[in-house]
Each structure stands twice: as C-alpha cells, then as structure tokens.
Amino acid sequence: MFAEVPLFPEQASTTAERVDALFFFLCAVTGIMAVSIALLLLYFAVKYRRRAEDDRTPRILGNKRLEWFWTISPMFVFLIMFLWGASIYTSVAQPPPDAPEVFVIGKQWMWKIQHPDGQREINDLHIPVGRPVKLTLTSEDVIHDFFVPAFRTKIDVVPGRYVHTWFHPTKTGRFHLFCSQYCGTSHANMVGSVVVMERAEYAEWLDSHAEGSLALQGRKLFLKLQCITCHSANSQARAPVLEDLYGRTVNLRDGRTVVADNGYLRESILYPEAKVVQGWESIMPTFKGQVNEEELIRLLAFIKSLKPGRTPVRTEDFPPPLGAPETPPGGNPKPPQAVPTNRPEGKSNRS
Amino acid sequence: MASANYSILAHHFENLEQQRETETMGMWLFLATEILIFGAIFTGYTIYRVRYPRDFEAASAHLNLLIGSINTIVLLSSSLTMALSVHATRVGRQKMLMTCLTLTIVLGATFLGLKALEYYSDYEDFLVPGLRFRPGEWTELTPPANPQHVQLMLAFYYIMTGMHAVHMLVGMGLLVWLVLRARQGMLTPVRYMAIEVIGLYWHFVDIVWIFLLPLLYLTGTHHGSDLHF
Amino acid sequence: MSSTITTRFVPQAKARPPRAPEVNYLNVAYGVKSWLLTTDHKRIAILYLFTVTLMFFLGGAAATVIRLNLMTPTGELVTADTYNKLFSAHGIIMVWFFLVPVVPTVLGNFLLPLMIGARDLAFPKLNLLSWYIFTIGAVITLWAILAGGVDTGWTFYTPFSTRSARTNVIPTIIGIFISGFSSILTGLNFIVTMHRMRAPGLTWFRMPLFLWAIYAGSIILVLATPVLAVALILIGVERAWGIGIFDPELGGDPLLFQHLFWFYSHPVVYIMILPAMGVVTEIIPCFARKNIYGYEFVAASSVGIAVLSFFVWAHHMFVAGQSVYSAMIFSALSYLVAVPSGVKVFSWTATLYKGSVSLRTPMLFAVGFIALFTMGGLTGLMLAALGVDMHVHDTYFIIAHFHFIMVGGAVMGYMGGLHFWWPKMTGRMYSEFLSKLAALIIFVGFMLTFLPQFVLGYLGMPRRYHVYPPEFQILNVMSSAGASILAVGYVLPLFYLIWSLYGGKPAGPNPWGATGLEWQTPSPPPPHNFDETPIVTTAPYEYSLEETDGVG
C-alpha cells in the first residue's frame with residue numbers, strides 16, 4: 001500500500017525539470033541551514049546546561065563583525081535563489097512565438113477548452129508530446145486558476161482579460177488539472193486532466209473531434225453579426241479594414257499607439273469607444289451582451305486569420321445589429337467598382 | 001463650576017507637561033492613521049483616473065462645483081473659528097470661546113446641510129449609478145464617454161465624500177461635547193488639551209476636503225452656465 | 001524620594017519567598033462592574049485573555065472539523081458549502097481575533113507599563129474602549145459565522161466575494177472592520193506610551209527587546225489597518241449597491257482588491273510574529289542566564305522587519321497577473337525581508353553559547369519556536385523564488401509554510417510568554433511536569449500535522465479543497481492524526497493553568513531569577529504597579545554581572 005503513496009509529482013514538462021532543480025537546490029541550502037541551527041541549539045543546550053543554581057556566565061554582548069557577517073552573507077545566497085527563480089518565471093511568461101494557441105475559458109465550475117481547429121473539450125485538454133503549446137485563458141465569472149502540477153505551472157484566470165501561459169510536455173500520460181483559486185461551492189470539483197499524446201495519436205484525436213476551425217466559425221459570426229456592414233474591404237467603408245491587422249501597431253485617435261493583440265480586439269468589440277483608430281469616428285456599436293466569451297474567441301481567430309484580399313463579401317441581408325446606425329453617415333457604401341463620389345465628413349484615408 | 005475641582009493631572013502621569021505631550025502625540029498618531037485610510041482610497045481613485053482620463057473628466061464636469069466651492073469656503077471658515085476657539089481657551093476668554101465654538105458648529109452643520117442638498121441635486125441630475133442614471137446621456141456627449149467608467153468615478157465620489165461626511169459628523173459630536181464642557185467651565189487656560197486635540201482633528205478633516213475638491217470636482221471643465229443648486 | 005531599582009540579576013532568596021502584599025490588582029476590588037469598567041491595564045489584559053482564548057478554541061473547532069473531513073478523499077463529513085464556510089471561519093477568527101491581538105493585548109497590555117516603570121498606559125480609558133470594540137467586533141463576526149456563515153475565505157477575493165457569494169459577507173466585514181479600530185487604538189496607545197512614559201534612565205537602548213518588538217508591531221498595526229478598512233468598505237459598497245469598484249463589467253479591476261488587501265495583509269503577518277519573537281527574546285536570556293547576543297542588531301531587526309514588511313505585498317500575487325518586472329521586484333524585496341529574521345535566529349542561538357541553560361517550560365516553548373519558525377521562514381525563502389512559487393502557490397505547501405510560522409512560531413511564542421509571565425500575572429506556579437508534557441505534545445503534534453502538508457503541496461494538492469484525488473489520502477490522514485495530538489496539547493494548559501489558580505505554589509516576585517522591571521514588583525502586582533517611579537541605571541539582561549550592592 002505504501003508503495004503507491006506518491007511523495008513527489010511526475011515531471012512532465014521542460015519547466016518541471018527546471019523548477020525541480022531549483023527546488024532541490026533550495027531544499028539543500030535551507031536544509032543545511034535548518035539542521036545547523038537545530039544541531040547548534042541541541043549542542044549548546046546540552047553542553048551548557050545549568051549545573052548549579054548560582055552558575056555564572058561570561059558577559060558576552062556581541063561581536064559587531066560577526067553580526068554584520070551573518071546579516072550580509074545570506075544576501076549572496078539569496079541573490080542566487082532570486083536570479084534562478086526569476087529566470088524560470090520570465091521564460092514561462094514568454095510563450096514561444098510559433099506555439100499553437102489553445103483557448104481556455106474557466107467558469108464556475110468547469111473548464112471549456114477550444115482548439116484552433118475547432119475541437120472543443122470540457123475539463124480535458126489533449127495536447128501532443130514534445131511540442132510547446134500556448135494557452136490563452138479568460139474567465140466568465142470569478143477568478144479561477146489553471147494548475148497542472150506535473151507541468152509545475154499555474155496561472156490565475158481573471159474575468160475581463162486574457163492571460164497567457166505555455167508548456168512543453170515531455171511525457172505522455174494523463175495528468176491532473178486543478179482549479180487552484182477558490183471560486184465557490186464546487187471549487188474542489190473543478191478538476192480535469194491534461195492528456196498528452198504521441199503525435200500520431202494526437203492527429204487522430206484532432207481529426208475525430210474536428211468541428212470546423214475556430215476561424216471558420218468566426219467567419220460565420222462575422223457575417224451573422226453584420227460586422228461586414230462597416231468592416232468591408234471597401235476603403236470608403238465607415239470602418240477600418242481588418243485584413244492583416246493582428247499583431248500590427250495601430251495609431252489611435254488620442255495619440256497613443258497599441259499593438260492589435262487579443263486583448264485589443266476583444267476590447268474593441270465590447271467597448272468600441274475605448275480605443276478609436278486615428279482618422280475614424282467612434283460610431284461602432286458595442287456587442288456586449290450579444291457575444292459570449294466563446295464567440296469572442298471565434299471572432300478573434302477569424303480576424304487573426306484574415307489575410308489581405310480575404311474579407312468576405314456581404315451577400316445576405318440581415319437586419320443591422322443593435323445600436324448600429326441605420327444609415328451610415330454619408331450614405332450607403334458603393335460596390336468596389338463604382339467611382340467614389342461623396343466622401344463622408346471627417347474621414348481620412350485608412351493609414 | 002463644581003466639577004473644576006478634580007485634578008487635571010491623571011494618576012498615571014508624572015507631571016502636566018508629560019500628560020500634554022502624550023495627548024498631543026496620540027492625536028497626531030491617530031491623524032497618521034487617517035492619512036492612511038484616505039490615502040488608500042485616493043490611491044484607488046487615482047489608478048482609475050489615470051486609466052480612464054476622458055471618462056473621469058466627463059463625470060467630474062457634471063458634479064456640482066457651485067455647492068462644492070461654497071462648502072470649501074464654509075469649511076475653511078470653520079477651521080478659522082476652531083483655531084480661534086482654541087486660542088480663546090488658552091487666553092481665558094470664555095465668551096469668545098463660546099461664540100467661536102458655536103460658530104464652528106453652525107458652519108459644520110452648514111457644510112453637512114449643503115452636502116445633503118448637493119446629493120439631492122446629484123440625484124436630480126441622474127448622477128446616482130444603480131439608482132438614477134442614464135447611460136445614454138454619456139454616450140451622446142462629444143467626445144462620448146463610457147458610462148461604465150463614469151459610474152466608476154461616481155462610485156468613488158460618493159464613497160470619498162461620504163467617508164469625509166462621516167468624519168465631519170463625528171467632529172460635530174465632539175464639538176457639541178466641547179460646548180458642554182465649556183459651559184461647565186472645564187475649558188480653561190490650564191485645562192485645554194481636549195479642545196486642542198479636537199482642533200487638530202477638525203483641521204485634518206478640513207485638509208482632507210482641500211484634497212477632495214480638486215481631485216473630484218476640478219478634473220473636468222465646468223462652464224458658468226452649468227452652475228446651479 | 002525615588003528608590004533606585006537596577007535591572008541586574010539578583011538571585012531569588014533561598015528561603016520562602018516573601019508573602020505577596022495584601023492588595024494586588026486582582027483583589028483590590030471584586031464584582032463584575034469592577035472588571036467591566038476597569039482602566040487598569042493589567043485587568044484589561046485579563047479581559048482580553050478571556051476573549052482571545054475563546055476565539056482560539058472556536059477557530060480550533062473549525063479546524064478540527066476541517067481535518068476530520070479531510071480524512072477521506074470524498075469528504076463526506078460535511079457538504080462543500082459547509083466546508084467552505086469552515087475554512088473561511090477558521091481563517092477569519094484565527095487571523096483577526098486571535099493571532100493579531102493575542103501577544104500585544106494580553107502580554108503587551110500587562111507588561112508594557114511594568115517594563116518601563118509606568119503606572120499605566122498613556123490612555124487607560126482608550127485601552128478599555130479598545131477591548132469593548134474588539135469584543136463587539138468579535139460578537140458580530142461570530143454571529144455572522146454561526147448564522148449562516150461566510151464562504152469567501154479570509155481573503156475575500158473579488159469578484160467572488162462581491163458577486164457570487166451568497167453568504168453573510170457584509171456582517172462579517174462589519175465585524176472585522178470594527179475590530180480593526182481596536183487594533184489601531186491599541187497600537188496607538190503602545191507607541192505613545194513608549195515614547196512618553198519611560199522611567200528616568202530608561203533610554204530606548206535600555207528597553208527590553210520585547211518592547212522593541214511590540215513597538216515595531218504597533219507601527220505596522222497603526223499604518224496598515226486603515227488600508228484594510230478601505231478594502232472592506234469597497235467590497236461592502238459593491239455588494240450592497242451593486243456598483244463595483246472591482247467589477248470588470250464596469251472597467252473595474254479585480255486585481256486592485258488584491259493589491260489593497262495584501263498591502264495590509266502582508267504587514268499583518270508580521271504583526272502576528274514580531275511580538276512573539278519579542279517574547280522569545282525575553283525568555284532566552286533568562287533561561288540561559290546570559291545577555292542577549294547583539295542587542296542593537298536585534299532591536300534594529302524588529303524595526304527593519306516592520307519597515308520592509310510594507311514593500312513585499314505582491315508576493316502573494318505572483319501568478320495573479322502582474323507584470324514580470326513587478327514580480328521580480330517583489331521577489332527581491334521578499335528576500336530582503338528575510339534577512340532581519342535571520343539576524344534574530346542567529347542571535348538567539350549565540351545567546352546560548354557559554355550560557356547556563358535551564359530547560360524549564362518557557363524555555364522549551366522558546367526553543368521550539370526557534371526550530372519551527374526557522375523551518376517556516378526557510379520555506380519562505382523557497383516561496384520567494386518565483387520559479388518555485390509558480391508551482392506551489394495556492395497549494396498545501398503554502399498552508400504548511402504559514403502554519404509553521406503562525407502556529408509553530410506565533411502560538412508557541414505566545415504559550416512560552418504565557419508560561420513565563422503566568423506567575424507574575426497570577427502569583428502562582430503551575431505544574432512543571434504537565435506544562436513540559438504539553439510543550440512536548442504540542443511540538444510532536446504540530447510536526448505530524450504540518451510536515452506532510454509540504455509534501456502534499458508539492459504534489460499539487462490545492463488548498464481549500466474538501467475532496468481530493470485518492471492518492472493523497474495517506475498524507476492527509478497523517479496530518480489529521482497530528483492535529484488530534486495538537487488539540488490535546490492545547491487543551492492541557494487550560495487544565496493545569498486554571499488549577500494553578502487554586503492549588504499552585506505562590507510564585508514570589510521573581511521565580512525565574514529574571515532581570516526586568518516587571519520582576520521587581522510583587523506577584524501579582526499592586527494596582528498602581530510601582531509605589532515610586534523607578535530609576536534605571538543599567539542595560540537589560542545583565543545576567544552575567546557580578547553581584548554588587550547598591551547602584552550597578
């Protein structure tokens with residue numbers, strides 16, 4: 001029975017190896033310190049035990065040199081500990097640029113996972129061994145935490161923003177996934193598994209669970225929600241073209257510049273007046289309440305995938321979404337071949 | 001005057017000087033904690049102010065600067081009358097003491113009354129998130145303001161001025177107590193620490209207001225035509 | 001004419017100790033009113049003793065049910081909601097109603113005026129008011145906990161505490177808020193007293209180090225508690241009126257709450273440990289019969305800990321979503337704050353060198369403190385390393401770390417102090433055998449309870465879980481077994497300490513042969529402490545000086 005009692009977690013990622021190495025170093029150093037103090041205390045308590053009620057002791061008040069020594073010297077050891085720990089942490093904070101991105105949404109009390117090709121999972125995350133994978137996470141309600149002990153990483157998942165983490169699995173198997181930020185009644189049941197598979201197995205799994213990529217689903221939403229009405233490919237449209245936007249630097253109307261990342265795109269859909277692009281009016285209605293976090297992820301995947309010349313053409317006639325101007329200022333946009341006549345007021349060329 | 005008989009010096013002090021220094025230090029230390037409490041909430045406000053400057057300015061422009069300004073003058077004057085009453089105690093001018101203390105109370109009450117009027121006027125102006133608020137009126141501004149962030153600013157406004165008002169109320173209570181003590185002849189040139197330390201407290205509450213006014217009211221642009229009761 | 005009292009070691013006369021004077025602070029007046037309206041700091045200390053002891057056992061009861069539930073992986077003893085309310089109650093009660101007040105209000109209140117040769121604190125009536133405020137806050141919080149409970153954890157993280165929790169959050173917050181005033185007023189009282197009421201000749205560097213620790217702790221109390229008040233007010237407002245400062249829907253930031261909360265709550269853990277360290281610094285020189293090694297460094301370390309404690313709060317938020325640079329700064333500062341604690345441990349150990357060590361009960365607790373606090377502090381070094389904290393944050397590793405410091409440290413320190421000054425407070429000695437037994441049981445029980453939790457934490461068992469994967473069971477059972485032993489160890493003192501009041505040997509003014517002004521008074525002391533103000537002419541802890549007559 002005791003053979004089955006684990007005393008140390010499995011090492012299943014590159015980060016795990018690094019964290020364990022630091023941990024063992026820390027155990028060794030602090031262990032030596034603790035044992036030394038314990039032995040000294042024991043030794044002194046025995047060697048200098050009171051032998052008579054009127055024992056006299058020497059009047060030792062201290063030694064400044066020794067005291068400065070034991071004040072300053074630990075700092076050198078601490079420096080090593082700090083640098084080592086910081087190096088692991090900074091590398092975890094910087095996902096490899098080409099790692100595939102999996103989206104995770106935490107909600108009371110489950111994990112919803114979306115792969116880039118559309119596969120969806122609840123509480124389980126299937127990933128291939130030997131390749132880094134990046135996670136982009138958000139919460140639908142309260143703060144959760146995505147924790148995989150075997151990978152030695154965790155990250156708090158906060159509502160209202162995206163956070164990122166990544167890992168590079170080195171072993172196949174099924175590993176615990178825990179929520180480790182208290183989130184209510186079933187916090188302890190918000191658990192699952194990370195399943196690391198061999199490449200071939202993983203490819204098979206992907207195929208059998210595909211639902212159409214996230215980007216494709218996002219394209220459908222883009223049309224359904226009538227984003228296309230303003231964000232068409234037409235340069236006289238009343239909103240910027242979104243091709244090739246992801247990752248670029250954008251100049252805003254108030255003089256700031258931002259990078260068009262996931263957070264920026266999500267914010268622009270929910271709070272469009274927050275960051276208005278230079279040269280454009282703030283006429284975009286908000287889609288808060290009309291899209292949930294999962295739909296947002298699909299839209300983002302679509303925008304990310306949008307290459308030049310690939311903006312869909314508006315073909316269906318749906319009523320404009322809630323809050324959109326009925327008729328755009330300056331009239332409806334002409335089809336691309338027509339000669340432009342009126343230029344609506346306040347517009348300038350898309351930069 | 002019967003109760004003026006018992007000793008000013010408390011049993012655990014060696015001499016009057018030690019007692020007075022102790023009491024003064026105690027009040028200053030207490031005011032340090034008050035700086036921390038107002039400082040914490042000012043910090044929270046400042047963080048959001050820096051994050052959403054336009055929306056906070058838009059919200060601030062709708063606050064009632066007229067009442068805010070009048071209240072500032074009222075409160076500053078009450079600090080003057082408070083200082084005068086401390087002085088009157090030290091020099092033994094009982095009548096001046098009573099007059100100045102009473103004036104301080106009246107001015108304090110005026111502040112609180114005007115504050116209540118101001119809250120009512122904010123209610124009328126749809127500036128009470130959760131109770132009476134029109135998001136549309138903010139998005140229609142040029143440039144449009146985010147009604148969510150405006151609500152954030154207004155929440156801070158009510159909390160900060162509310163905390164200040166609570167401190168004023170406590171101060172009023174202390175002042176009334178002082179008036180009663182004065183009537184019993186217990187505020188004299190030798191027995192003055194009570195009014196001295198309460199004076200410190202009152203001045204502190206005034207200073208907090210001096211910070212509140214610009215932080216809350218003056219970040220936005222007010223026009224003469226906006227001023228109203 | 002003032003008598004000259006020197007603070008050097010004077011061995012207790014071999015003959016029977018002189019009978020205590022007729023009138024002491026306990027028998028000067030009888031009746032409930034004389035206790036409830038007292039302004040005597042010694043009586044107020046006893047009042048606090050009652051309240052905090054009650055709160056300790058209530059918090060302990062919650063812990064008992066928690067550990068019982070965790071004996072099985074499927075946690076069938078209580079429902080998930082009840083479990084969540086239990087760990088919240090345990091944390092809230094133990095932090096705010098036991099650990100923060102206990103050493104300052106029980107030992108600090110009793111000893112501070114005695115140690116500085118004063119007749120009372122600077123503001124005796126304020127002291128009584130502090131007790132009332134504390135008790136009212138405790139009653140309100142207890143009511144909230146017992147009438148439905150609160151399930152946010154003692155940390156009240158938003159948005160859960162403002163939006164999701166369907167429990168008595170607001171009454172709990174009100175109770176804690178009110179008790180915060182008690183903290184502030186007590187701290188204020190202590191600081192002013194130490195500045196203004198020291199006896200002639202008692203310079204800062206002649207003060208007992210217990211008072212340096214109390215002073216540093218009081219600075220933290222006074223400066224940090226108001227920030228907690230603001231954090232609680234903001235949650236209360238958000239919950240009551242639905243308009244959120246921390247609500248992401250409004251553009252609010254849930255992390256702002258964490259910053260405000262931890263800005264107070266990190267310094268507060270130093271409030272809990274510093275006074276206990278001060279107790280240990282009194283006990284060690286006495287039972288090694290030797291000067292403390294490095295007085296100035298130990299005094300400076302107390303102040304250093306208090307100052308640095310304000311700069312490390314975000315080490316509780318390494319995985320919460322702050323920037324990498326911010327995390328690195330807080331990690332570095334957290335290493336810095338470990339340095340003064342190390343100074344103390346080294347000084348205590350060096351004090352034993354060439355001393356005359358007597359392992360009476362207070363010394364057992366003090367040595368136990370050093371061992372367990374050192375282990376807890378060293379694991380703190382592990383947590384300050386960003387790479388490790390990433391893995392163990394919010395797991396049982398953290399729970400083990402802070403219980404080593406809070407229980408292995410602060411509670412052991414308090415027990416040591418209680419056993420050291422019990423004869424002074426009550427005039428009675430307790431059973432040496434039973435008290436040593438209790439110390440041993442507590443030490444063993446403690447190790448068995450919390451050592452397995454380090455392993456559990458590294459394995460990945462998260463905290464605040466009422467169920468867990470089956471492979472963690474054995475370690476959990478070990479921990480629960482240890483907890484039952486620990487419980488016995490804590491209940492035992494109730495018996496022999498209370499019994500000592502009736503059947504204990506009279507203690508005399510200085511049963512331990514200690515230096516310090518408090519030991520120059522009878523046990524129990526008279527109501528006004530000193531008939532004449534003492535004049536201090538020597539440094540403290542002069543155990544090693546040759547005995548001389550007259551002025552030392």
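Colleague: What makes β1 and β2 of chain A a pair?

Modeller: Strands pair if DSSP finds at least two bridges between them. Five bridges join β1 (residues 101-107) to β2 (residues 110-114) of chain A, so the pair meets that cut-off. The two strands run antiparallel, and A:V104 has A:I113 in β2(A) as its bridge partner.

Colleague: Why are β3 and β8 of chain A called edge strands?

Modeller: The open sheet has five strands in the order β3-β2-β1-β5-β8 (chain A), with mixed pairing. β3 (120-122) and β8 (163-167) of chain A each pair on one side only. From one strand to the next, the twist averages 25°.

Colleague: How do you know that chain C touches chain B, and what does that side consist of?

Modeller: Contact needs C-beta atoms within 7 Å, and 31 residues of chain C are in contact with 28 residues of chain B. α6 (169-196), α7 (209-241) and α8 (254-288) of chain C each give two or more residues to this side, the largest share being the nine from α7(C). By type, the residues of that side are 22 nonpolar, five polar and four charged.

Colleague: Which stretches of chain C have pLDDT below 50 or under 50?

Modeller: Residues 1-16 of chain C are below 50, with 40 contacts beyond near neighbours in sequence. Residues 548-552 of chain C stay under 50 too, with eight contacts beyond four places in sequence. Where pLDDT is low, predicted coordinates should not be read in detail. Chain C averages a pLDDT of 92, with 95% of the residues scoring at least 70.

Definitions and conventions:
Residues numbered from 1 in each chain as written. Chains lettered and ligands numbered in written order. Predicted model: local features only at pLDDT ≥ 70, side-chain atom pairs only at ≥ 80, totals over all residues. Contact = placed C-beta atoms within 7 Å. Helix = DSSP H or I, 4+ residues; strand = E, 2+ residues; numbered from the N terminus. Nonpolar A, V, L, I, M, F, W, Y, C, P; charged D, E, K, R; others polar. pLDDT = per-residue confidence, 0-100. Axes fitted to C-alpha atoms, helices over the stretch in contact; angles between N-to-C directions.
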